[in-house]
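Please look over the structure shown here.

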Amino acid sequence: MALSRLSGVLFDVGNTLIVEEPGKHMWEMAVTPLPDALQVLTALKGRYRIGIISNTVGSGDRELTEVLARAGMSGLIDSLVTSRDFGRAKPDPAIYIEGARRLGVPLPQTCMVGDRLDTDIAGAINSGIPAIWLRHPGAAPNSTIVPTHVITGLNELPQWLEAASSQSR
């Protein structure tokens, strides 16, 4: 995939920026940022527009905004879209298009960072944008879903974005 100059970064929330507690709605969770999440968002904020695309069931845009505030992330996020309020979920390309629209960035100038191959990464690939897989320990690759890049910690993301930007010049 040829990379366009990136000006927006879209993130998943659960287990990408915030520790997800299985079986709980967002408002029930302890809201613990993943290691390096706040530092990475802060580092990226000056160079990129930052958005969230989240598959949610009982939570919508309002609830996610509250969770991001509790995590200390609200001032670092430019826009968000939840599947509950938008009506489409990852991996449907429509939610990526909407995420880029709300971010104010053309879709080809965005990338997606997420921990799930079947939703975050597959949807980004199907939308034609770079897909960065945050691969947690024990997560198995899938031969049919091949991310653009793999990171094992969020702290690796700024370096990849810098290298990707250099390649597109």
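Where does D36 lie? D36 is in the loop between β1 and α1.

## About the model

This is a predicted model, in which local features need pLDDT of at least 70, side-chain atom pairs count only at pLDDT 80 or more, and totals for chains, interfaces and linings use all residues. Residues are numbered from 1 along each chain as its sequence is written, and side-chain values use heavy atoms, with hydrogens and water left out.

Helices (H or I, at least four residues) and strands (E, at least two) are DSSP runs, numbered from the N terminus.

## The sheet

Six strands form an open sheet in the order β3-β2-β1-β4-β5-β6, and the pairing is parallel. Two strands count as paired if DSSP finds at least two bridges between them. β3 and β6 (149-151) stand at the edges with a single partner strand each, so one side of each has no neighbour in the sheet. On average, neighbouring strands of this sheet are turned by 20° against each other, direction ignored. Such angles use axes that are lines fitted to C-alpha atoms, for helices over the stretch in contact; they run from 0 to 180 degrees between N-to-C directions.

Strands of a sheet pair through backbone hydrogen bonds, either parallel or antiparallel.

## Strand β1 and its partners

β1 covers residues 8-11. G8 and L10 point one way from this strand, V9 and F11 point the other way, and all are buried. Buried means under 20% relative accessible area, exposed means over 50%, and partly exposed lies in between (1.4 Å probe, protein chains only). In a regular strand the side chains alternate between the two faces of the sheet.

β1 pairs with β2 in the parallel sense over four bridges. F11 stands opposite I52 in β2. The chain crosses from β1 through α1 to β2, and this β-α-β crossover is right-handed. Right-handed means that, with the strands pointing away from the viewer, the path from the first strand over the helix to the second runs clockwise. β1 also runs parallel to β4 (residues 110-114), joined by four bridges. Here G8 has T110 as its bridge partner, and V9 has C111.

## Strands β2 and β3

β2 (residues 49-54) and β3 pair in the parallel sense over four bridges. I53 stands opposite V81 in β3. β2, helix α2 (residues 61-70) and β3 make a right-handed β-α-β unit.

Which residues cover the two faces of β3 (residues 79-82)? S79 and V81 are on one side, L80 and T82 are on the other, and all are buried.

## The loop between β1 and α1

This loop holds V13, V31 and D36. Helix α1 spans 37-45. V13 is buried, with a relative accessible area of 4%. The C-alpha atoms of V13 and P35 are separated by 13 Å, and the two residues are 22 residues apart along the chain.

V31 has a positive phi of about 60°, although it is not a glycine. At 8% relative accessibility, V31 counts as buried. D36 is also a residue other than glycine with a positive phi, near 75°. D36 is partly exposed, with a relative accessible area of 32%.

## Two other loops

P91 sits in the loop between α3 (83-86) and α4 (93-103). The peptide bond from K90 to P91 is cis, with omega near 20°.

A140 is found in the loop between β5 (131-134) and β6. At 55% relative accessibility, A140 counts as exposed. L117 is 23 residues from A140 along the chain, and their C-alpha atoms are separated by 9.4 Å.

## The largest pocket

The largest pocket has a volume of about 480 Å³. On a 1 Å grid over the protein atoms alone, a pocket is an open set of points, reached by a 1.4 Å probe, with protein on both sides within 12 Å along at least five of seven lines. Grid points are joined across faces, edges and corners, and the volume is the space filled by probe spheres set on the points.

The pocket is lined by 23 residues, and G14, E20, S54, N55 and T56 lie nearest its centre. Lining residues have an atom within 4 Å of a point. By class, the lining has five nonpolar, ten polar and eight charged residues. Ala, Val, Leu, Ile, Met, Phe, Trp, Tyr, Cys and Pro count as nonpolar, Asp, Glu, Lys and Arg as charged, and the others, Gly among them, as polar.
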